[in-house]
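Subject: Structure handover

Hello,

Please find the structure below, for your files. My notes on it come after.

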Amino acid sequence: MKLYAWLIIPFLLCSCASIKEDKLEVACDDHQAEACQQIGMKYYQGNGVELSYPTAKHYWEKACALDSSEACMDLGEMYANGMGVDQSVAKARNYYEMGCELGLTEACDKFNSLRQVD
């Protein structure tokens, strides 16, 4: 009996991770900003998926449009640092400002630090 448990447990763990990913995709498709934000972060970090800045950007743009302050700030970071996009202070500033307007203090700090830069 113990032998069967060791064969089944890894399969169940793998299935649960796959189900969680599917639920995040469904939630994002259902316009839930937090789900889109989480998927974007997974692709940005390569956490459980192949690292892909363009895919992260896609999900963060969707989440930002759904009023995720974190996603807006993350897009600002991408543009400020040129991570998978052409570096652009103007675009970074714009996304930081959006995150700030949505109430994220860290985005406000980053926006204010870039207001002087041109």
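This is a predicted model: local features need pLDDT of at least 70, side-chain atom pairs count only at pLDDT 80 or more; totals for chains, interfaces and linings use all residues.

Salt bridges

Searching the whole structure turned up three salt bridges. I take them in turn.

The pair Lys 62 and Asp 29 has its closest N and O atoms 3.8 Å apart. That counts as a salt bridge because the cut-off is a side-chain nitrogen of Lys or Arg within 4 Å of a carboxyl oxygen of Asp or Glu. On accessibility, Lys 62 is partly exposed at 24% relative accessible area, while Asp 29 is exposed at 51%.

Lys 57 and Glu 61 form another salt bridge, with 2.8 Å between the closest N and O atoms. Here both residues sit in helix H3, four residues apart, which is about one turn of the helix. Glu 61 is partly exposed, with a relative accessibility of 30%.

The remaining pair is Glu 77 with Lys 110, where the closest N and O atoms are 3.0 Å apart. Distant parts of the chain are linked here too: Glu 77 is in helix H4 (residues 69–81), Lys 110 is in helix H6 (residues 105–114), and the two are 33 residues apart. Glu 77 has a relative accessibility of 22% and is partly exposed. Lys 110 is also partly exposed, with a relative accessible area of 22%. Neither residue is classed as buried, because that label requires under 20% and the values are 22% for Glu 77 and 22% for Lys 110.

Positive phi

His 31 is exposed, at 54% relative accessibility.

Asp 67 is another non-glycine residue with a positive phi, in this case about 75 degrees. Asp 67 is located in the loop between H3 and H4. Its relative accessibility is 54%, so Asp 67 counts as exposed.

Regards

Methods:
Residues are numbered from 1 along each chain as its sequence is written. Side-chain values use heavy atoms; hydrogens and water are left out. Buried means under 20% relative accessible area, exposed over 50%, partly exposed in between (1.4 Å probe, protein chains only).
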